[in-house]
Amino acid sequence: MHDIRAIRTDAAAFDAALIRRGMQPVSSDILTRDAERRTAQTALQEKQARRNALAREIGQGKRTGADTAALEAEATSLRGEMEGLEKRAADLDAAIKGVLESLPNILDPEVPDGPDETANKVLSQFSKPRDLNFMPRQHFELGEALGMMDFATAAKLAGARFTVLRGPLARLERALGQFMLDIHSQHHGYTELVVPSLVNDATVYGTGQLPKFAEDLFRTTDGRWLIPTAEVPLTNTVAGEILAEKQLPLRMTALTDCYRSEAGSAGRDTRGMLRQHQFRKVELVSIVHPDESAAELERMTRSAETILEMLGLPYRRMLLSSGDTGFGAVRTHDLEVWLPGQQAWREISSCSNCRDFQARRMNARFRGGVDGKTVAHVHTLNGSGVAVGRAMIAVMENHQQADGSILLPEVLWPYMGGMDRIGV
């Protein structure tokens with residue numbers, strides 16, 4: 001959510017920021033309604049003051065036996081006028097809020113301009129894709145040949161974009177999630193939480209999914225929402241709170257199932273596990289002082305990168321372009337892992353700095369400053385640490401062998417009961 005005071009201060013800069021997002025300027029419309037609202041509020045205050053004065057005059061007149069009929073008639077008229085002004089101000093306030101909550105965050109100046117992912121910028125790369133010396137198979141070919149990845153049964157149970165895993169592959173998915181949680185909680189300073197998978201309207205609104213992206217979510221018959229990522233409940237743990245400055249930073253992690261309708265993704269990644277309605281992900285969320293959010297984004301990105309390095313996976317860090325950066329983010333680093341079966345780089349983690357955009361929606365603040373009394377909005381960040389299903393895909397494809405077996409990274413052996421290979 002945007003601070004309307006910033007729009008009043010520099011409307012041209014606000015419109016320029018929207019143009020970078022491929023949107024039309026809207027400050028003129030917002031400020032016109034804002035001026036009307038403030039006029040209505042001023043008139044309401046003036047009429048309230050007059051009404052208070054009338055009440056005193058009427059009271060004094062009644063005590064002295066004076067005729068107060070005219071004064072009472074004026075008071076009655078004022079009541080009707082005030083009700084009209086209150087409704088006008090409320091309607092304008094709702095209209096302004098409706099526009100503001102539909103607008104994306106202001107991009108960081110370093111974000112490259114461009115219409116989509118083709119304008120994303122490579123910032124760094126870890127390791128080069130290995131030459132496997134044989135024709136690599138995609139993860140679903142490997143999984144089906146092993147008899148451990150079953151799409152037909154999943155389709156019978158739930159439809160398209162679901163998977164049933166069996167035996168060692170099922171254990172590998174569980175192992176990856178536990179491994180990531182252990183690294184982030186024991187070495188990266190994140191506190192592990194278990195959070196609800198069902199949340200209310202206010203929670204989904206707080207992180208920016210509502211109202212604009214309702215079609216991307218699954219809703220229950222009682223009005224709750226299945227979480228698209230643990231970012232939603234984790235970030236909202238501070239909704240409506242005023243934290244002490246000494247409590248910052250707060251760093252949280254959780255492993256949850258995530259649910260997405262994949263609206264608009266018809267025909268994309270229809271085979272395999274890359275794009276599912278239900279998947280598991282380890283989420284990272286940071287709540288920080290405004291001065292620290294830029295450094296925290298680097299710290300969070302490195303936490304996710306460490307996971308990929310420990311698993312021996314080639315990856316590269318991307319800075320997303322203006323046309324590819326998400327609604328609530330000012331800057332996003334995507335980590336793309338190399339998939340030999342596809343001969344392509346595919347996203348496995350996305351780490352974003354939202355600054356105070358989500359905090360304003362959630363009314364999440366902290367008390368600090370020299371006097372210890374200044375109240376300001378916190379900054380929020382979120383990232384994948386990483387997507388478990390995609391990590392499994394990457395391990396399978398990068399560590400596959402010519403005989404169809406899969407060598408397991410040494411860091412996973414303890415989580416796999418000592419198993420170092422899946423398959424032959």
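This is a predicted model: local features need pLDDT of at least 70, side-chain atom pairs count only at pLDDT 80 or more; totals for chains, interfaces and linings use all residues.
Residues are numbered from 1 along each chain as its sequence is written, and local features need pLDDT of at least 70, side-chain atom pairs count only at pLDDT 80 or more, and totals for chains, interfaces and linings use all residues. Side-chain values use heavy atoms, with hydrogens and water left out.

Helices (H or I, at least four residues) and strands (E, at least two) are DSSP runs, numbered from the N terminus. Nine of the nine residues of strand S12 (residues 331-339) are buried, so S12 is largely enclosed by the rest of the structure; buried means under 20% relative accessible area, exposed over 50%, and partly exposed in between (1.4 Å probe, protein chains only). In a regular strand the side chains alternate between the two faces of the sheet. In S12, Arg331, His333, Leu335, Val337 and Leu339 point one way, while Thr332, Asp334, Glu336 and Trp338 point the other way.

Two strands pair if DSSP finds at least two bridges between them. S12 pairs in the antiparallel sense with strand S11 (residues 315-319) over five bridges, where Leu319 stands opposite His333, and with strand S13 (residues 344-355) over nine bridges, where Ala344 is the bridge partner of Leu339. A hairpin is formed by S12 and S13 with four residues between them, and Gln343 in the turn has a positive phi of about 55 degrees.

In helix H2 (residues 11-20), the buried residues are Ala11, Phe14, Asp15, Ala17 and Leu18. These residues cover an arc of only 155 degrees around the axis, which puts them on the same side of H2; the arc is that of the directions from the helix axis to the C-beta atoms. The exposed residues Ala12 and Ile19 are carried by the face of H2 turned away from its buried side. Just after H2, Gly22 takes a positive phi of about 80 degrees.
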